[in-house]
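Please look over the chain below with its helices in mind. The report that follows goes from the overall fold to individual packing contacts.

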Amino acid sequence: MAAYATSADLIARCDPNLVAQLLGDDVDGAPAIADLEDNANLTALLADASGQVEAALLVGQRYTTAQLDALTGNSLGLLKRITCTVAMAQLFERRPGVHVQTAQAYLERADKHLEDLRAGKRIFNVAENVAKQTPTINGPTSYAAETRNLITERMGRHIPPTIDRQPTNRG
């Protein structure tokens, strides 16, 4: 399965100079910005980040991998942004002690994104999942509660009326 974001997506969303600096493994220094799109380490990081995003979404049982692959438009952009944020947090882990405050900010943001996905606070535009997020109110309306002839209604001196025991905003 392909990663949810590509190297080009990461470069478009993050500082390419910083990415190149953090990826630099060899003695000659960081790879050139033009070489980032073909960098094996960056591709591996994006695959790992995609796995973390997928795990967060699957543990919440909100999406299938097919639904994630079929995302388009703004939802696809959000998925790429979250994947790139998680990948950048992992990229900072490769170089501990470098840009410590920025690394901490990316790590916190990535953790927040993943937790929001697990909890369902962030949803993608998948029709059946959007419908699941809309709460429904079941129960009697105010009129139905007033017109019932139950024993609790007839014993008004001893039991409060049903209308006082029900939410009043149901119609």
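## Basis and overall fold

Helices (H or I, at least four residues) and strands (E, at least two) are DSSP runs, numbered from the N terminus. By that definition the protein chain holds 10 helices and zero strands, and its pattern along the sequence reads α-α-α-α-α-α-α-α-α-α.

This is a predicted model, in which local features need pLDDT of at least 70 and side-chain atom pairs count only at pLDDT 80 or more, while totals for chains, interfaces and linings use all residues. Residues are numbered from 1 along each chain as its sequence is written, and side-chain values use heavy atoms, with hydrogens and water left out.

## Burial, surface and contacts

A residue is called buried under 20% relative accessible area, exposed over 50%, and partly exposed in between, with a 1.4 Å probe and protein chains only. Of the 171 residues of the protein chain, 33% count as buried. The chain exposes about 10,200 Å², of which carbon and sulfur atoms supply 51%; such areas come from the Shrake-Rupley method with a 1.4 Å probe, and for residues only the protein chains shown count as cover.

Contact means heavy atoms within 4.5 Å. When contacts in the protein chain between residues at least 6 apart in sequence are considered, 68% of them join residues at least 24 apart.

Asp 9 is buried, with a relative accessible area of 12%, and Leu 10 counts as buried at 0% relative accessibility.

Setting aside residues up to four places away in sequence, Asp 9 touches Lys 80 and Cys 84. With neighbours within four places left out, Leu 10 is in contact with Val 19, Leu 42, Leu 46, Cys 84 and Met 88. One of these pairs, Leu 10 and Met 88, is separated by 78 residues in sequence and by 8.4 Å in space, C-alpha to C-alpha.

## Helix H2 against helix H5

Helix axes are lines fitted to C-alpha atoms over the stretch in contact, and angles run from 0 to 180 degrees between N-to-C directions. Helix H2 (residues 16-23) packs with helix H5 (residues 73-94) at an angle of about 40 degrees, their axes lying 9 Å apart. Angles under 35 degrees count as roughly parallel, over 145 as roughly antiparallel, 65 to 115 as roughly perpendicular and the rest as oblique, and H2 and H5 are therefore oblique to each other.

The crossing of H2 and H5 is left-handed, a term used if the near helix is turned anticlockwise from the far one by less than a right angle, with right-handed used if clockwise. On the H2 side the contact is made by Leu 18, Val 19, Leu 22 and Leu 23, and on the H5 side by Met 88, Leu 91, Phe 92 and Arg 94. By class these are seven nonpolar, no polar and one charged residues, where Ala, Val, Leu, Ile, Met, Phe, Trp, Tyr, Cys and Pro count as nonpolar, Asp, Glu, Lys and Arg as charged, and the others, Gly among them, as polar.

## Helix H3 against helix H5

The axes of helix H3 (residues 40-59) and H5 come within 8 Å and cross at roughly 120 degrees, and the two helices are therefore oblique to each other. The crossing of H3 and H5 is right-handed. Residues of H3 that take part include Leu 45, Leu 46, Ala 49 and Val 53, and those of H5 include Leu 79, Ile 82, Val 86 and Leu 91. The contact of H3 with H5 has nine nonpolar, five polar and two charged residues.

## Helix H3 against helix H6

The axes of H3 and helix H6 (residues 100-119) come within 7 Å and cross at roughly 30 degrees, which makes H3 roughly parallel to H6. The crossing of H3 and H6 is right-handed. Here Gln 52, Val 53, Ala 56, Leu 57 and Val 59 of H3 meet Leu 114, Leu 117 and Arg 118 of H6, and these residues divide into six nonpolar, one polar and one charged.

Ala 56, found in helix H3, counts as buried at 1% relative accessibility. Apart from its neighbours within four places in sequence, Ala 56 is in contact with Leu 114, Leu 117 and Arg 118. Ala 56 and Glu 115 are 59 residues apart in sequence, with 7.3 Å between them in space, C-alpha to C-alpha.
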